[in-house]
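Please go through the model shown here with the text beside it.

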Amino acid sequence: MSRAGFDEVVLLTGLPSFAARTMCEEIVRGSSKTLVHAIVRAKLEAEAREWLDALPLDQRARVKLIEGDAASMDLGLSGAEIKELSGEVDRIHHCAGVSYLGVDRAAAEQVNIGGAREILEFADACKQLKCLIHHSTALVSGDRTGMVHERDLEAGQRFRNVVEETKARAEKRMRAAMRRLPIAVVRPSIIVGDSQTGEIDRFDGPYLHMLLIVNLVPADYVARAIRAIGLDARAPGGTFHVVDPAPLTARRVFELVALAGGKRMPRGFIPANISKALLRTPGLERFAKSPRAFLDALATPVTWTSTNADEILESANIRCPSFEAYVEKLVEYVQAHLREKKQKREAAEINDPLG
């Protein structure tokens, strides 16, 4: 490990998750003088390396995979590795976390809370840390309705699932550590696919129906916004909602998804009873242990303010694209994926000697 020739060294957790991949791509694309050390669990190294090999050569050369585990003691690294990394790292992007609503409590606590504890211990050891960017979620607001400000965390809300609860508890640790460390907490709202390609890795549930959530942000915008926030000298000590400042109504989102999918909305139809229809969606039970709780989370009427984020993003000239601008890409990507799955299933049936 050596930072020779680099202006900045970043430690990244969470690879090869979609969020961490998108974040890493944004970092190395944004500066040719930035080196990324990415912590990857041993069982996921092959997947991470396959993704890395697909990057342009100049970007690939600036991403170093390190076997470890963000939720394990000392990040799963040796004492020598910790010592060397802590002497090099300027910035940390802590993307590791679990967001699958069907996760059991033990796993959620280990990854979300334990991971926060371990990355804070590493940050304490860093000699020249400029900012630890903790990737959280706006859903730490739980069942709150109405206006939720970036400074808000504990406001008597109830959590609808263990993901929201453990994410909030991890944030609490981060906030307590802000007194001694330069920490910024970023809270994206509901992240959908890339606005340019439509890519998303969440196909374990009815993704098209998830687009009915009102506040949506594309993954590439989230990465671009978070990188800008993490680089800004005003970020440490702050919490930032990365949201669509002009979210569409549920009806308009529904109309756009239907149109992009080649469907016609019945005249006069208002999707006020969407939850009942969604509960009948095949495959929803694979997405969450409690489909109704999952849908309750989608239906909560909440507005996340973004004053802190807006101030930085406006000065960086970064704006959230409108949903209209990328909805077709999202739907096309999902439809192509579903067609591919159908073709593979049909091919398997044809080749099955017992079929």
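This is a predicted model: local features need pLDDT of at least 70, side-chain atom pairs count only at pLDDT 80 or more; totals for chains, interfaces and linings use all residues.

Residues are numbered from 1 along each chain as its sequence is written, and side-chain values use heavy atoms, with hydrogens and water left out.

The protein has 14 helices and eleven strands. Helices (H or I, at least four residues) and strands (E, at least two) are DSSP runs, numbered from the N terminus. Of the 355 residues, 50% count as buried; buried means under 20% relative accessible area, exposed over 50%, and partly exposed in between, with a 1.4 Å probe and protein chains only. Contact means heavy atoms within 4.5 Å. Among contacts between residues at least 6 apart in sequence, 80% join residues at least 24 apart.

The helix pairs come next. Their axes are lines fitted to C-alpha atoms, for helices over the stretch in contact, and angles run from 0 to 180 degrees between N-to-C directions. Angles under 35 degrees count as roughly parallel, over 145 as roughly antiparallel, 65 to 115 as roughly perpendicular and the rest as oblique.

Helix α1 (residues 18–30) and helix α8 (residues 219–231) have axes that come within 9 Å and cross at roughly 55°. The two helices are therefore oblique to each other. Their crossing is right-handed; a crossing is given that name if the near helix is turned clockwise from the far one by less than a right angle, and left-handed if anticlockwise. On the α1 side the contact is made by Phe18, Thr22, Met23, Glu26, Ile27 and Gly30, and on the α8 side by Ala219, Asp220, Ala223, Arg224, Ile226 and Arg227. Sorted by class, this contact of α1 with α8 holds six nonpolar, two polar and four charged residues. Here Ala, Val, Leu, Ile, Met, Phe, Trp, Tyr, Cys and Pro count as nonpolar, Asp, Glu, Lys and Arg as charged, and the others, Gly among them, as polar.

Helix α8 also packs against α13, at an angle of about 90° and with the axes 9 Å apart. That angle makes α8 roughly perpendicular to α13. Tyr221, Ala225, Ala228 and Ile229 of α8 meet Ala309, Ile312 and Leu313 of α13. The contact of α8 with α13 has seven nonpolar residues, with no polar and no charged ones.

The crossing is right-handed. Residues in the contact include Ala108, Asn112 and Ala116 of α5 and Val163, Arg169 and Met174 of α6. By class, the contact of α5 with α6 divides into ten nonpolar, two polar and seven charged residues.

His241 is buried, with a relative accessible area of 1%. Its side chain makes a polar contact with the side chain of Arg187 (3.1 Å). Such a contact is a pair of N or O atoms within 3.5 Å; within protein, one must be able to donate a hydrogen and the other to accept it, and residues adjacent in sequence count only if both atoms are side-chain atoms.

Some backbone geometry remains. Most residues other than glycine have a negative phi, and most peptide bonds are trans. A cis peptide bond joins Leu15 and Pro16, with omega about 5°. Leu15 lies in the loop between β1 and α1 and, at 4% relative accessibility, counts as buried. Among the residues Leu15 touches, leaving out those up to four places away in sequence, are Ala20, Val40, Trp51 and Leu65. The C-alpha atoms of Leu15 and Trp51 are separated by 9.7 Å, with the two residues 36 apart along the chain.

Asp74 is not a glycine but has a positive phi of about 55°. Asp74 sits in the loop between β3 (63–67) and α4 (79–88) and is partly exposed at 37% relative accessibility. Asn317, also not a glycine, has a positive phi of about 60°. Asn317 lies in the loop between α13 (307–315) and α14 (323–351) and is exposed, with a relative accessible area of 54%.
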